[in-house]
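I opened my notebook to get to know a new structure. Here is what I looked up, entry by entry.

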Amino acid sequence: MILNKWAKLRVVVGAVLVLWMMVSVEAQELPHSCARPDQIAIEHLHLDLKVDFESQKLSGSATMKLDRRKAADMLYLDTNGLKIFKIQSQLNGKELKWSLGEYKSNLGSCLSVELADGVDEITVYYESQPGAEAVQWLTPEQTTDKKHPFLFTQSQAILARTWVPCQDTPAVRMTYSAKIQVPPELLAVMSASNPQKKNKTGVYEFEMKQPIPAYLLALAVGDLKFLKLGPRSGVYAEPSVLKKAVWELADTEKMISAAESLYGAYRWDRYDVIFLPSSFPFGGMENPRLTFATPTILAGDRSLVALIAHELAHSWSGNLVTNATWDDFWLNEGFTVYFEQRIMESIYGREYSEMLARLSLDGLLAEIKELEARDTWLKLDLRGRNPDDGMTSIAYDKGYFFLRMLEEKVGRKKFDLFLKSYFKKFAFQSMTTERFLSYLKENLDNKIDFNAWVYSPGLPADAPVVETKALDRVGQAAQLFLEGAAPSVLAADFKTDQWTTHHWNHFLRSFKNDLSPAQMKRLDGQFKLTQSGNSEITHDWMILVIGSGYQAGMPRLEEFLTEQGRRKFLQPLYEKMATTPEGLERANRIYAKARPGYHAVSRQTIDQILNYQPTKN
Ligand code: BES
Ligand code: ZN
């Protein structure tokens, strides 16, 4: 009997051990990457690349200094569509054996390199292909000034591997340097130390001394000029955009100071912004030292600069403390929305930031209705999916409200100290949701029940309340209009001439059910919305144009979808069109013309909405 018990116990212990081994082996396997940094990690990357607009290729080499952490001799690198020529050891110049694994969609092909003893530096000779998804090659006609070609990259989330062989996981950090050769009439800039003017040779050198994850590798090449904003900030843009950009970003230094007094020193030396051509698929991208931005925020009234506060805030949340996997994306974006709003509040006041918060809440509630329940947990599960699927208002806005709930629970003073110490303690490290939560329990409040926020769907009952009289009034105006009030009366009673972009956003989003063409005409007659030069207002108005079938707005709709490629604007408009047969026809017709001008990231999204089958390219 007793022996039998022992035997049973041994079986159980054995099984547990095997399971544990399986789990620990698996634990080293990273989602969305074939890299094994637990064995060998890239410490420093040096890129030596030539930018060729003719062939649309980046060609040259990537030299990697390796940290060999375990007795392993296989190095695994992520690549997607790269052509590899040879791989050399820097120890003795010998060629190393390598092979490319099978291609997996979204992930690409794993490059395995056999390292001999003692090899701790290698050079990969390679070139990217014209279809590289991170890279957009623009003809002169596709730029703002229409004189010179332009190139920019967008590496987040897993597109760095389409232009650099690397360990493309946010769990690994490396320093990097680069030598980039471009046509002499163009300037190159990167997420690194940057030149401020062109030189005759067209060769530029870069250095990023702080370790960063691969998704922050970035390059832009074009007819760029630089102007200073403040002692440590400035703007790059095509010549015709530059002055407008400098005017719009006048508060940038204030934002840096506000951010520093909230959560500690800015750790990246300079903060510059580059305005890209209008096909840039995002509003902004937090490439360290150099935010990449869409020109669609240049509204002429500084009303859309929260985007700069957002990308700047990533210099702490995201770039300093980085989500370990894309399932932890809210650690990047939720923190950043929270931080963005704190910066905005400190410069423009609580009333202003509460308007932003209300728009964020409304967007969140609307999106929760659309998403699958599992996709509304803060902790995502993106296994086997494109990490891009995680870019919803859950990470951003549910993340924001979770942190705001914590702030309101413990008080702002205590919360700010907590966040400041968090950024300091985990600077230049990656962070999982679980690690953050245990730090939170230990250092802020051990009674907080975060399950409802992090591991459950929807918006929990203890979500903060947003108070904005300004937008409540705007809501009343919308209601009165629906009840028949004349727009001219609204204009007088609600002083609509003093409304900012955010008032208009809220007003237009209040019309959940489609308006009639006659109602649209009355609004347009008074407020000239079809002619708005503000991209955020245009977007919201165009949703109503489509919903109502307001014909006078259609030419502008087509123009808006062709003149810029920001996915946040394109996606809802194409989706809305696709809900009726007539709209779908319009969508397909516009898309056929506009698609060649969109970046691959936007193309992929719209292809799906319209069921577009690209012919082989
Ligand atoms: N890092 C994101 C952009 C991103 C996320 C690119 C995931 C690829 C994958 C950036 O900081 C961002 O959030 N941009 C927003 C603007 C912001 C004000 C909400 C955008 O582009 O709309
Ligand atoms: Zn962001």
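These entries cover the domains, one interface and a metal site.

**Ground rules.** I am working with a predicted model, where local features need pLDDT of at least 70, side-chain atom pairs count only at pLDDT 80 or more, and totals for chains, interfaces and linings use all residues. Residues are numbered from 1 along each chain as its sequence is written, and side-chain values use heavy atoms, with hydrogens and water left out.

**Domains.** I looked up the domain assignment (bounds are automatic or from a database) and found domain 1 (31-213), domain 2 (224-303), domain 3 (316-454) and domain 4 (469-610).

**Domain 1 and domain 3.** I noted 31 Å between their centres, taken over C-alpha atoms. Domain 1 brings 13 residues to the contact and domain 3 brings 16 residues; contact means heavy atoms within 4.5 Å. How much area is buried between domain 1 and domain 3? I read about 1,200 Å², with 60% from carbon and sulfur atoms; this is accessible area (1.4 Å probe) lost on being put together, summed over both parts. On the domain 1 side, His32, Pro170 and Arg173 lose the most area to domain 3, together 46% of what that side buries.

**Zinc.** I found the zinc ion (ligand 2) coordinated by His310 (NE2), His314 (NE2) and two OE entries of Glu333, at 1.9 to 2.8 Å. Donors here are N, O and S atoms within 2.8 Å of the metal (3.2 Å for Na, K and Ca); water is not among the atoms, so sites may look incomplete. Along the chain, the donor spacing reads H-x3-H-x18-E.

Definitions and conventions: Chains lettered and ligands numbered in written order. Buried area = accessible area lost by both parts, 1.4 Å probe.
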